[in-house]
Amino acid sequence: MTFWHGLSGPLGDTLNEMIAEFNKTHDDIEVVTIPISSYTALSQKLMASIQAKKQPDIAQVFESWTAKYIEAGVLCALDSLFNEDPNFTVEDLEDIYPVFRESNTFDGTMYSFPFNKSVRAYFYNKDEFYRNGLDPNYFPTTWDEFRHYNRILTRDTNGDGKIDRWGTNLNINEWQFINLLHQAGGRIIDDNGNPILNSDAGVEALQFLVDMLYKDKSAYLVRGYEGQNDFMAGIVAMYEGSSVSITHMRQEPINFNIGFAPLPTHKTNQSAVSGANIVVFKSGDRKRERAAWEFIKWFTAAEQTAYWSVKTNYMPVRRSAMQSDVIQNFLAKYPIYQGIL
Amino acid sequence: MSSWKLLFMSLNRQHGFKARPALKGFLEEAMDGIERSRISPREAVDRAAKKFAEYIEAEKK
């Protein structure tokens, strides 16, 4: 079976390791992975494969891609596969976090399964906190507190009149804004699909960023990976990234004590989950489709999703995985991960 | 149910991947307007919402 995905680096390495284990333990199924260089390239390649009627058996996808594939009639309904599987119970299905079940269910049918899911998190320099008289084991929990910390951590350390240590930097992106908007009590669109991001909540979300940038002057704008690089260089004390960012950061030496924390909150504590899902394309061969489901079932079982999570910092997709020895032992050994796992 | 309806659902629940680059662009423009022209956050989000609405209408066609 072919499996197209867009994971690379340490994430792709862990995926390959797990697929090798699946192949070793399943005599009658072999999953062959085809890594694609980026999600954009993966999307284009999948679309071309569908037009040529040569789609892979399994692919990593986002919700909007799934919506298009459903319309094209090329996806297997996963509930038709797991309903005929005696080894996948209602309890198994309900063990998957509701937010993941809902976001993979389209018009009452589950067409995809959660695969690599992540949330936004803060990474912070505990040494900088300590140097500025802040408790290194406490991260601000509200917008107001975060802004206060930001002002304290922004300094001119060599007296040349220029700021050389910053509280945070901001890479303007939709994920961050969506989180702020929801935390301020707003939404992106209404039930009819009309944008309502310019509600009072939207203004409040943007005002929060603008105040830090231009009123407090405790943050600066960055693009691409500048923000993460400046954090790694000790220029900025608090950096917002994906929970998976730490897996990439660990590729380089980290020369300070690093802390992880959930996002500060405001009127609500909502935080958008991102990351991709996994689908099975119709092949006309039910045996093949069942084998694809067998792989998805295995990969998202408690033991595997727990392992995937501790190796990559993606979220486990099942509730029971959080209670597994794999995750509990990991959190006991590395308690700082409790903020983001 | 149309793919756009499904996308809208996922936008509110999570956020649809297809619309993300557009929304990011409109937010960047909003911030750029604040930085360069000192427009207010109210004006900036109004502009972003208007452009996002135009984008959605164009994509529906």
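The axis of a helix is here a line fitted to its C-alpha atoms over the stretch in contact, and angles run from 0 to 180 degrees between N-to-C directions. The model on screen is predicted.

**First stop: two helices**

Select residues 9-25 of chain A, which form helix α1, and then residues 302-312 of chain A, which form helix α14. Their axes come within 10 Å and cross at roughly 155 degrees. Angles over 145 degrees count as roughly antiparallel, so α1(A) and α14(A) are roughly antiparallel to each other. The crossing of α1(A) past α14(A) is right-handed.

Now show the side chains where the two helices meet. On α1(A), select L11(A), T14(A), L15(A), E17(A) and M18(A). Facing them in α14(A) are Q304(A), Y307(A), W308(A), K311(A) and T312(A). By class, the residues of this contact are five nonpolar, three polar and two charged.

**Second stop: the largest cavity**

The largest holds about 120 Å³ of space.

To find this cavity, select Y122(A), L180(A), F208(A), E240(A) and P264(A), which are the closest to its centre among the 14 residues that line it. Then colour α8 (143-153), α9 (174-183) and α10 (200-215) of chain A, the elements that each give two or more residues to the lining of the largest cavity. Which element gives the most to that lining? It is α9(A), with four residues. Coloured by class, the lining of the largest cavity shows ten nonpolar residues, three polar and one charged.

Notes:
Residues numbered from 1 in each chain as written. Chains lettered and ligands numbered in written order. Predicted model: local features only at pLDDT ≥ 70, side-chain atom pairs only at ≥ 80, totals over all residues. Heavy atoms only, no water. Parallel < 35°, antiparallel > 145°, perpendicular 65-115°, else oblique. Left-handed = near helix turned anticlockwise from the far one by under 90°. Contact = heavy atoms within 4.5 Å. Nonpolar A, V, L, I, M, F, W, Y, C, P; charged D, E, K, R; others polar. 1 Å grid on protein atoms, 1.4 Å probe; cavity = no way out; pocket = protein on both sides within 12 Å on 5 of 7 lines; lining within 4 Å. Points joined across faces, edges and corners; volume = space filled by probe spheres on them.
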